[in-house]
Each structure stands twice: as structure tokens, then as C-alpha cells.
Number of protein chains: 2
Amino acid sequence: MPPDARQVPLGIGDDCALLRLRPGHLLAVSSDMLVEGRHFLAGTDARRLGHKALAVNLSDLAAMGARPLGFTLALALPAVDESWLAGFSIGLHALADRHGCPLVGGDTTRGPLNICITVFGELAAGQALRRDAAVAGDDLYLSGRTGEARLALAALQGEPWAREAAAGDMDDLLARLETPQPRVSLGQALAGVARAAIDVSDGLVGDLGHLLEASGCGARLQASRLPVAPALARLAPQHRWQCLLAGGDDYELLFTASPGQRARIEALARATGTGVTRIGEMTPGEGLQIVDEAGTVLPGRFAGFDHFG
Amino acid sequence: MPPDARQVPLGIGDDCALLRLRPGHLLAVSSDMLVEGRHFLAGTDARRLGHKALAVNLSDLAAMGARPLGFTLALALPAVDESWLAGFSIGLHALADRHGCPLVGGDTTRGPLNICITVFGELAAGQALRRDAAVAGDDLYLSGRTGEARLALAALQGEPWAREAAAGDMDDLLARLETPQPRVSLGQALAGVARAAIDVSDGLVGDLGHLLEASGCGARLQASRLPVAPALARLAPQHRWQCLLAGGDDYELLFTASPGQRARIEALARATGTGVTRIGEMTPGEGLQIVDEAGTVLPGRFAGFDHFG
């Protein structure tokens, strides 16, 4: 799909690309670098890798409430591999087209495999979903569900606890790991409605911690409200909690909103076709409490997920 | 230097950075990836590398006539090396500060050394210096001079023809290779005055070829008008021409303008402290003629410079 000439007056082929923002809008930018063996396993299907490289960046736009405008790709490859490039390109452009986010510039060079995408979006001034904007009393929400990517990775790496639970659902789990769906429509719908947001890429608890720190408040997370995928329900509790709370690679939105917005947020979730669950509330002071159905504070700490670290 | 809060309402630390463009302005973006052994030699001083990584991107903004707004850095490093990072950061930020172009976002990861910078600028709509805008009859200009970076690289690589000529000027030559000065002020001054522009990064003739192809015209290049650095004057003609015409890593501006703009361009060159030389003219039809003082067409072909290729 060629870029919209009004949005992208000049695309690939000059020293710079030119993009046009709507009046009264700010530019949102994010850049992510993906390295083999750290962000994806060697031998990952090129088409899925093309998808994921853009998806993780679109997820950052979604977490600000921005509308995608375009992206640049810088790619280092050990050798020219037409078949790999064709697959990568298909996966990349399929996702780009779905979100109206054309490739506007690029740089390719020879070197160890490295994918660097920078994505550009726009949002109305004053409507950004910043991570420092949560206040005590806000509801805490999660889009979709967490943990499946972590279970898929563990199964791929041959962890015994993961292989049994994943058996039978492996295609779905792999899709969560390798072709995450960034919550772009939901993020835009939440701009001006929700208060604070962050994308869950390093584990729910770890990213919630970033939001709490930036906002200077605490949270009570109702662990029993977290949606649990069927494969995760088959895990022993310790592994299930690890996946749900500290899985990583989820690319869901974690956001807060005034309790007065509950009906509106439910309506936006339906309108954008994205499941949203109220999983807790923001509290005064500092720190995160994770409680079960009875309100008992759960023991254990859940560190953030360090990519293959 | 902290970023201007009006230009960068939100810098490092959230899912995205937010930038504000002035009304009536377009966003200009460019992304370059630098890989060890291809764009710089192993062991290059970290401070100089930090400078160069941003300089090559600022040169792209300059070639569009854009004003720098900010940049993102994605960096893969084999291991955390505080001393290297400190040097890299000093070189990077010194150049960024000089051009009012703050770091607004970043991503660091473990992996083979790779530096990916995406730079953002703004320019008034309709004033971009596109490479497809040249017309027959335009004057052809070059900022600064070409060839010194190529001579420095050849001397570093131990080429006998280069070592002798470079001796005595090696510090200056290395500065041209490792800390190029992007022509940011000149580029902005030329917006709305010059017609077409491109930055000379892959060799004068190669990049001129890109401009001719995009604009659908030809050019006559007066080779004897090219400024020659003292060290290049000591080279045998064949090596001198190779450096001047197909050197690479020059980061000068090659641009065209109507002959009616000569006085204005001379004034802008003086005002921005950047030497500018009229080196030829655009011609109807296709192709590039390189002529000597007598107007005789010179033989030989000068391919573009492929980074260390």
C-alpha cells in the first residue's frame, strides 16, 4: 500500500523522508533494536520476525495513545539472502499496511543480524498517555492477557514444566511470542480517556513498577482477576504466576483511569475488539501489593523479564 | 544541555518521546546504522565515533534544509564498557548540543557493536531541498572540499601512495574522516534558495549521479574548480582524482541553484562560515561530463565509494 501523500509528502529515496502532522498534534517517536539470540532465537521465521520488529514499536505508540504515521528500518545482515528478505518484508509490510504505517526510509548494511526500527506517530497535544500520570484511586487495567509468550519461549527452550502444558496449544502460543498484536486501536481510543499507560514488554510486575515509580504512587493488584490462557491453567501455580506476572514479550497495555470512566472504557474495549480487564487499583504511597481473592497479600517477588538474559 | 521543553515536551523515559513542530512545518527524518569494520575501523576512538554517528545523520537533515529537533539512539554493545560509553557519550552530546539536537529516546542491548541513530528535523512546507528538483541551467555547488577522508582511510590502511602524501597532515586528515562537520547551518540557509541538494557520503560522482537520476537531467562538472587540500595536491593525479571524485565519507553538500541566486548563495556561505564552490552546471538530457580547464572531457569512470567494500 503506497503511503498517503498528504501524510508522507516524501517517502523513500531522498536524504530524509518528510511527514506531515495534523495541526495541534505532537510527534511521538520510539526506537527499538532487535538482536539475534537476545530478542529472537536464531532461525526464527523471517516473516514472523518482520512482523515482530514493527509490532514492538507500534506497541510503544499504542501505549502513548498515538496514531501511527510511518517508520524507518535500519537492517544489518551478514549476507544478502533474497529469500529471507522477501519473507521479512512480507511480514513487515502486512502489519504496516494494517495500521496505515508505511516504511518511509531505510538503511541496509552488511554486519551481524540487527534490526532497528524507529516509528513515528501523532497525537493531539495534551492527550498523551504518559506513564507518570497515574493517581491514587485510579482503576488499573490490562488489555488481553499475559504469560503465553513466556510459556512458548520456555517450551521452545525445552523446559520440562513448559513442554507438557504447551502441548496441543503450541501454534497459538508461538503466535503470541512471534507475532504479537500491538494494541494500536485501543491505545488511540484511550487517549484523553485513560490517565496513564505503559506497554507490557518486560513482564507485568516489572512494567507496572516503572509506572508506579514515574507516577509516585502504589498499586494493589488483584492477581485472581488476571485472565489465564488455557495452557497456563495447566501449569503448576509457581510457573503460572511466573508467566502471568513476570513473563515478558506480552505487548499488552497496562493503564489507569478514573473509576468514573469504567463504562466508557468497557465501551471502547468493545468498539476496538480488544479484551480489557480491571485488575486492581492505584494506592497512595509507594509499593505494589499483590493480593489473592481473599485479599491476602501473596508472598514472593517477580522480577522483570530480561530478554533471554 | 537539557532539551527545550517547547520543542521536546517529553524526552527520555516513557514509551515514546514527544516532539513539537512549528505550525506550517514538515517533519524530516533519517536513519543510519553504523557497523564496526564497515563504517568505522575496529578500535576507533569512542569519542570520535559518538561524534560521527550523529554527524552522518545531521548531514542528511542538512541536505534537506531541515532544522534539527532531536534524535534517538539504539546501541548494541558486546559488553558494558563504562569507559567506552563515557567517551562515546561525550562525543555524541558535544555535537548534539552544538546543533540544538537533544537525545530524546534510546534503546541499549547486548550484541555485536552496532549504532543506529534516527534524527528528526523540521522545515517549512515547500522549502525542502529535494534531490529530484534540479533543472538544466542550474549552477552546481559543493560545500567544503572532498577527498581528505578517503586519503586518511587509505593512509590508515597502509596504502603506500597515501602514507607519503598524508604525512605531516595526518591529524587534520583524520579529523575529516572521524569527526566530519555536518553542514547544518548552510543547509538551513539554503532552504528556499537552492533548488536541489544531496549530501556527499558515498563519493562526489556517485552522489551527483543520484541527483541527476532523480532530477532527470545531466551535468557538466569542471574538475579543475574542485578545491584541493594540500595533502591531496601531493598525490599523483590518478589518486588525487580518485579521492576528489570518488572518495566517500565527505559529508559535504552538493546542491544546485538558479544562476540568478549566485550573489545570495555567496552571502549565505559567508554568513554560515562554510566555503562553497561553484563546480559546474546542470545540462539537458542525461549523463555527467567531467571536463578539465580547457573544456576537454576527461576519460575514466569514478564509481561511488562503497563503505570499506
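Reader: What distance does helix α2 of chain A reach from its first C-alpha to its last?

Author: This is a predicted model, in which local features need pLDDT of at least 70 and side-chain atom pairs count only at pLDDT 80 or more, while totals for chains, interfaces and linings use all residues. Residues are numbered from 1 along each chain as its sequence is written, and chains are lettered from A and ligands numbered from 1 in the order in which they are written. Helices (DSSP runs of H or I, at least four residues) and strands (runs of E, at least two) are numbered from the N terminus, and α2(A) covers residues 82–98, which makes 17 residues. With the expected span taken as 1.5 Å times one less than the number of residues, the helix comes close to the expected 24 Å, for its own reach is 24 Å.

Reader: Which elements of chain A do the buried residues of α2(A) pack against?

Author: Counting a residue as buried if 20 or more other C-beta atoms, placed from the backbone, lie within 10 Å of its own, as exposed if 12 or fewer do, and as partly exposed in between, the buried residues of α2(A) are Phe88(A), Gly91(A), Leu92(A), Leu95(A) and Ala96(A). Seen down the helix axis, they fall within an arc of 130° (the arc being that of the directions from the axis to the C-beta atoms), so they line one face of α2(A). On the other side of the helix, Glu82(A), Ser83(A), Ala86(A) and Asp97(A) are exposed. The packing partners of the buried residues in chain A are α1 (46–64) and β4 (103–110).

Reader: Which element supplies the largest share of the side of chain A that touches chain B?

Author: With residues in contact if their C-beta atoms, placed from the backbone, lie within 7 Å, the contact takes 45 residues from chain A and 45 residues from chain B. By class (Ala, Val, Leu, Ile, Met, Phe, Trp, Tyr, Cys and Pro as nonpolar, Asp, Glu, Lys and Arg as charged, the others, Gly among them, as polar), the side of chain A has 26 nonpolar, eight polar and eleven charged residues. Of the interface residues of chain A, 100% are also interface residues in chain B, so the copies meet through the same surface. The largest share of the side of chain A, nine residues, comes from β2(A).

Reader: Which residue of β1(B) is the bridge partner of Leu27(A)?

Author: Strand β2(A) is mostly covered, with ten of its eleven residues buried, and within its own chain it pairs with β5(A) in the antiparallel sense over eleven bridges, two strands being paired if DSSP finds at least two bridges between them. There Leu27(A) stands opposite Glu122(A). Three bridges also join β2(A) to β1 (residues 17–19) of chain B, again antiparallel, and in β1(B) the partner of Leu27(A) is Leu19(B).

Reader: Which residue of β2(B) stands opposite Leu18(A)?

Author: Strand β2 (residues 25–35) of chain B has ten of its eleven residues buried, and three bridges join it to β1 (residues 17–19) of chain A in the antiparallel sense. In β2(B), Leu19(A) has Leu27(B) as its bridge partner, while the residue opposite Leu18(A) is Ala28(B).

Note on methods
Two residues are in contact if their C-beta atoms, placed from the backbone, lie within 7 Å.
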